[in-house]
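Here is a short report on aromatic contacts and strand pairing. Look at the model first, then read on.

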Amino acid sequence: MKNIIFKITMLVVLAGTIVSCDKQLDQLPFDGLATDNAFVSVDDFENGIRGVYIALVRVGRDGSTSTGYYGASDAGALLSAPDVMSDNVTMAISGRTSKSTIHNFRYSPSQSNLGNLYRDAYSLIYRANQVLFFAETFEGENKTNIVAEAKALRAMAHFDLVKNFGKIPTQSGDANGSLGVAYVTEADPNITPERETVGAVYGKIVTDLTDAVAGINVTNDPGRLNRNAVNLLLSRVYLYMGQWQNSIDAANAVTTSVAARANVVNVWDDSSQDGLIFSIPNEASVLNAGVGVTWSQGPLSGTFLPEYAVSFELFNTYSADDIRKAAYITFGTDSNGKDYNAIRKLLGKTGQTNGVVDIKIFRAAEAKLNKAEALFNLGSEVPARNALDEVRSRRYTAPPSGETGTALRDAIRLERRLEFAFEYQRFYDLKRWGLPIERTNAGDEADGTGVPSEILTLSAGSTKFQLPIDQGIIDSNNNIVQNPGY
């Protein structure tokens with residue numbers, strides 16, 4: 001076993017308190033194994049599981065933010081890619097044209113614009129497997145919770161991989177038998193695993209998550225998963241699998257209430273935590289990840305530089321009495337005097353536009369919307385509408401209601417889009433519903449004029465819904481097969 005010891009000096013806020021390390025620690029690099037004495041005490045395992053979380057927004061050894069697929073700016077693939085690839089945004093012509101490759105569906109094995117999603121996710125998985133490996137011979141008061149967290153994070157990373165690089169089970173009839181990803185459970189960086197089927201991967205995700213639900217604490221420190229978070233993730237996974245009753249059961253196990261209408265705006269500048277289940281703390285004095293750069297830079301006037309604007313169609317889909325329009329969208333003017341409907345999510349904390357804001361990953365509203373969709377698919381329209389109305393009653397002053405049949409299905413899908421716009425879900429929802437991406441030809445400016453996105457449609461059956469695996473990954477592991485169409 002290789003002895004890999006890194007000297008680190010870092011400040012990390014992922015467990016609600018600042019963890020300051022300036023000592024010899026056995027870390028969990030992607031290309032090495034921890035030493036035999038890496039995990040001995042309770043504190044060792046606490047530090048080890050924090051090291052797994054760090055892989056979400058990886059912190060450099062000098063304390064600076066580098067990559068991580070929920071990390072800063074362009075590197076944080078999942079912070080913006082699911083919306084950039086959908087119909088929720090229009091590329092702003094005055095911006096840097098960042099992520100234009102994925103916005104225009106021109107990704108390839110040599111140019112994906114997804115940062116290091118594949119490598120970062122497997123780095124997290126490797127760290128989780130290290131914790132689980134050493135936990136087998138450890139008996140301590142925190143073991144059950146640490147093991148549960150590690151399994152939940154391992155499942156979450158595999159889920160993030162398979163929904164991008166493989167099909168989603170409900171997407172098409174052949175999805176479960178198609179190529180998924182390698183589900184890695186070994187604490188060995190030198191293995192060369194093969195891709196498993198989508199169905200096999202989802203089955204292993206469920207196994208890890210159900211194990212995690214049974215062992216994880218009801219509450220954990222801020223910045224760490226708890227039982228509600230794992231149940232919510234399990235509900236989403238079951239929804240993607242088309243296992244409707246299981247999705248409902250997991251959603252029902254989530255006890256956090258949907259954010260009140262009066263608090264929705266404040267959730268996004270960190271002055272309220274209402275309805276949040278799992279988020280990554282991001283203080284300017286500690287992590288200081290400028291995650292908002294993924295959408296725009298600078299103040300909202302004069303030097304404002306938008307990367308993507310709210311699509312004119314989506315902007316007009318929000319009704320005037322929907323509080324989310326104020327919570328998610330703001331007004332900005334660039335240095336050329338052009339007005340934009342800018343994205344407020346990730347903009348900054350109260351009074352700030354620096355992009356340093358907590359990264360929200362799971363919210364209670366999703367449990368209700370998962371439940372509504374699953375109930376509808378089981379033919380239980382009244383309970384489905386009731387679950388839907390639990391969200392709508394907290395978003396509108398005069399919430400719509402009363403739909404039946406196809407209109408109810410469409411209302412559930414619409415509410416999901418409105419609730420999670422610019423929040424890592426739209427591309428996957430369209431994908432799992434088997435729907436095309438259809439953008440209008442409206443331009444990037446606030447009144448719909450300006451320059452529209454270059455590519456307006458992606459057909460439902462397109463192989464582009466499955467992203468290419470970087471050629472470097474395939475070159476380093478000849479057991480990895482590239483996706484069809486690339």
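Are Trp295 and Phe422 buried or exposed? Both are buried (under 20% relative accessible area with a 1.4 Å probe, protein chains only; exposed is over 50%, partly exposed in between).

This is a predicted model, in which local features need pLDDT of at least 70 and side-chain atom pairs count only at pLDDT 80 or more, while totals for chains, interfaces and linings use all residues. Residues are numbered from 1 along each chain as its sequence is written, and side-chain values use heavy atoms, with hydrogens and water left out.

The protein chain has 16 helices and 12 strands (DSSP runs numbered from the N terminus: helices are H or I with at least four residues, strands E with at least two). Of its 486 residues, 59% are buried.

Strand S10 (residues 359-363) has five of five residues buried, so the rest of the structure largely encloses it. S10 pairs with strand S4 (residues 276-280) in the antiparallel sense, over four bridges (pairing needs at least two DSSP bridges). Ile280 stands opposite Ile359 in S10.

The structure holds 19 aromatic pairs (Phe, Tyr or six-membered Trp rings with centres within 6.5 Å; planes under 30 degrees apart are stacked, over 60 edge-to-face, the rest tilted).

Phe278 in S4 and Phe362 in S10 are 84 residues apart. Phe278 is buried at 1% relative accessible area, and Phe362 at 3%. Trp295 and Phe422 both lie in loops, so their pair ties together parts 127 residues apart in sequence.
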